[in-house]
Amino acid sequence: MLVCLYARVSTTRQAENDLSIPDQLQQMRDWCAAHGHQIVREYVEPGASATDDKRPVFQQMIADALTKPAPFSGLIIHSLSRFFRDVVEFGVYERKLAKNDVKIVSITQQTSDDPMGEMARRLFSLFDEYQSKENSKHTSRAMRENARQGFFNGSRAPFGFHAVSTEITGSRGRKKKRLEINETEAAVVRRVYDLYLHGYEGRTLGIKEIVKHLTERGLLHRGSAWTIQKVHDLLSSPTYVGEYYFNVRDSRTGKIRPESEWVRTEIPALIDRETFEKVRQLREARSPAKAPPRLVNNPTLLTGLIRCGECGAHMTLVTGKSGRYRYYKCTTRQSKGNHACKSPNLPMEKLDELILAHLTERILAPERLHVLIAELRKRTQAAKDSESQTIKALERQLKGTEERLARLYDAIETGTIDLDETLKKRVQSLKAAKESALIELAGARRHYHMPAARILPSNIEAFSKAIRKRLQDGRPEFAKRYLQVLVDEIVINGNEAAIRGSYDRLALAVQKTKEGNLDQVPSFIGVWRARKDSNLLPPGS
């Protein structure tokens with residue numbers, strides 16, 4: 001009879017370190033030789049569970065077996081558990097193969113082809129399924145206990161950490177591991193948090209802008225580009241304040257388990273709790289669900305900008321007396337009732353006029369603009385100093401990596417150590433770290449040497465004069481466009497309106513005026529906040 005052989009182990013680690021597969025193959029070859037069967041093909045599955053059919057080699061074998069005519073008449077396995085550990089799936093595939101005249105034969109659990117033999121195979125398969133579930137239960141329990149004791153169960157550490165072997169020996173003689181800070185990656189994590197909280201050179205950076213910032217500087221996520229999801233996960237994961245959770249997701253279904261089943265492991269903190277909490281609050285405040293889109297063609301001047309100082313919600317336009325009166329009203333009061341917030345309705349026309357007047361007379365006045373541009377220069381210089389420190393740190397890191405590589409090369413050349421697989425992996429790791437440091441260093445140097453836009457006092461005077469005139473000429477579309485770009489939010493609290501905006505966008509607007517192009521609205525970036533005394537609403541307003 002023409003037959004094929006199928007050998008399998010559950011994990012890649014078993015395939016690399018265990019003798020199970022060679023032993024299975026040898027026993028099956030000997031059995032086939034003793035029974036006069038000719039082997040036409042061998043299928044080896046190095047590291048896949050038999051609880052489902054998501055096994056590439058298994059699927060290839062089944063596809064071959066179901067071709068017509070079948071290339072073999074028998075599928076030889078060491079034991080039925082090598083084929084399936086699920087009694088239902090075992091029966092389904094056994095019937096499929098039988099329809100194409102292919103038999104499943106176990107060399108250690110041989111059964112007849114009559115109903116008695118079929119029942120025996122079902123019993124063997126049912127026991128294998130039970131044993132698999134019991135093994136899974138005990139393994140899961142041991143891994144949860146391992147996590148409770150502060151050890152790391154995974155194979156790939158979270159970004160910013162690496163798994164380090166301890167002196168404590170676990171199962172099968174392997175050393176237990178703990179998570180420790182990877183200083184190279186930790187610097188990137190801290191930088192992302194700083195960028196999200198404080199922006200860069202006066203610009204507010206959201207998650208998407210941070211992805212672009214990292215990409216432009218060649219900062220990679222372990223060799224691959226950053227994505228919005230990766231940055232979001234980094235900013236929201238409690239791992240970075242020292243709380244690593246195991247057993248969060250069911251590996252079979254992909255579903256999140258109840259929090260009562262999570263196991264918390266204490267690890268070194270990369271970010272302090274206060275910073276993490278500030279980022280959490282900022283993410284919630286910037287949530288699209290809480291921030292209506294700023295539509296330029298909306299008839300109201302302050303759409304998407306005005307926010308209630310009492311509860312933090314946005315304010316929206318409402319009308320009264322069949323549209324005769326128009327007000328800005330807190331969305332909390334509108335959706336939940338007047339008891340939910342004490343902020344009053346604000347007459348739209350009066351507030352629009354007040355905001356434009358204060359923006360024109362106070363914030364865009366020449367003397368105030370000089371103060372804001374001077375503050376931007378300070379921030380830019382501080383960012384340059386920080387970038388300089390980053391460059392020095394990267395240069396030290398690169399030098400240390402090159403020295404370690406050089407020592408390894410010397411030891412190999414002199415025969416002090418042999419170039420085995422472990423050492424090869426270490427060399428590759430150091431080379432990858434060197435390449436990553438070189439890319440990051442090149443990006444940091446390129447950005448450090450980028451010339452800053454030069455803004456003279458005369459440019460500020462010209463911008464102030466031009467934009468104040470345009471804002472006062474009564475063109476609402478121009479006023480709205482510049483408000484949407486220059487102002488991030490206007491928080492109303494009693495008789496006070498605090499206007500928050502962007503240093504960088506202000507500087508860019510001045511630059512456009514310098515180029516004689518006031519009508520070209522600057523691109524959207526973020527942050528300044530005007531002094532309280534320049535944003536007071538008149539009494540009784």
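Residues are numbered from 1 along each chain as its sequence is written, and side-chain values use heavy atoms, with hydrogens and water left out. Because the model is predicted, local features need pLDDT of at least 70 and side-chain atom pairs count only at pLDDT 80 or more, whereas totals for chains, interfaces and linings use all residues.

**Overall make-up**

- The secondary structure of the protein chain comes to 17 helices and 15 strands, where helices (H or I, at least four residues) and strands (E, at least two) are DSSP runs numbered from the N terminus.
- Of the 541 residues in the protein chain, 42% are buried; buried means under 20% relative accessible area, exposed means over 50%, and partly exposed lies in between, with a 1.4 Å probe and protein chains only.
- The protein chain exposes about 29800 Å², and carbon and sulfur atoms supply 52% of that area; accessible areas come from the Shrake-Rupley method with a 1.4 Å probe, and for residues only the protein chains shown count as cover.

- Helix α3, residues 56–65, has Phe58, Met61, Ile62, Asp64 and Ala65 as buried residues. These residues lie on the same side of α3 because they cover an arc of only 160° around the axis, the arc being that of the directions from the helix axis to the C-beta atoms.
- The buried residues of α3 pack against the strands β1 (2–9), β2 (38–46) and β3 (74–77), and also against the helices α4 (80–83) and α5 (87–99); contact here means heavy atoms within 4.5 Å.
- In the loop between α3 and β3 is Pro69, which is joined to Lys68 by a cis peptide bond with omega of about -5°.
- Asn100 has its place in the loop between α5 and β4 and, at 9% relative accessibility, counts as buried. Leaving aside neighbours within four places in sequence, Asn100 is in contact with Ala65, Leu66, Thr67, Lys68 and Ala70.

- The axes of helix α7 (residues 183–198) and helix α9 (residues 228–236) come within 10 Å and cross at roughly 90°, which makes α7 roughly perpendicular to α9. Axes are lines fitted to C-alpha atoms, for helices over the stretch in contact, and angles run from 0 to 180 degrees between N-to-C directions; angles under 35 degrees count as roughly parallel, over 145 as roughly antiparallel, 65 to 115 as roughly perpendicular and the rest as oblique.
- At this contact, Val189, Val192, Tyr193 and Tyr196 of α7 meet Val231, Leu234, Leu235 and Ser236 of α9. The residues of the contact of α7 with α9 divide into seven nonpolar, one polar and no charged, where Ala, Val, Leu, Ile, Met, Phe, Trp, Tyr, Cys and Pro count as nonpolar, Asp, Glu, Lys and Arg as charged, and the others, Gly among them, as polar.
- α9 also packs with helix α10 (residues 273–285) at an angle of about 130°, with the axes 9 Å apart, and that angle makes α9 oblique to α10.
- On the α9 side of this second contact, His232, Leu235 and Ser236 meet Phe276, Val279 and Arg283 of α10; the residues divide into three nonpolar, two polar and one charged.

**Positive phi angles**

- Most residues other than glycine have a negative phi.
- Asp101, although not a glycine, has a positive phi of about 60°. Asp101 lies in the loop between α5 and β4 (103–106) and is exposed, with a relative accessible area of 62%.
- Arg222, likewise not a glycine, has a positive phi of about 55°. The place of Arg222 is in the loop between α8 (207–216) and α9, and at 28% relative accessibility Arg222 counts as partly exposed.

**Two further buried residues**

- Phe151, in the loop between α6 (115–148) and β5 (161–169), counts as buried at 5% relative accessibility. Not counting residues up to four places away in sequence, Phe151 touches Asn146, Thr166, Ile168, Lys176, Lys177, Arg178 and Thr265.
- Ile363 is found in helix α12 (residues 348–363) and is buried, with a relative accessible area of 0%. The C-alpha atoms of Ile363 and Ser464 are separated by 9.5 Å, although these residues are 101 residues apart along the chain.
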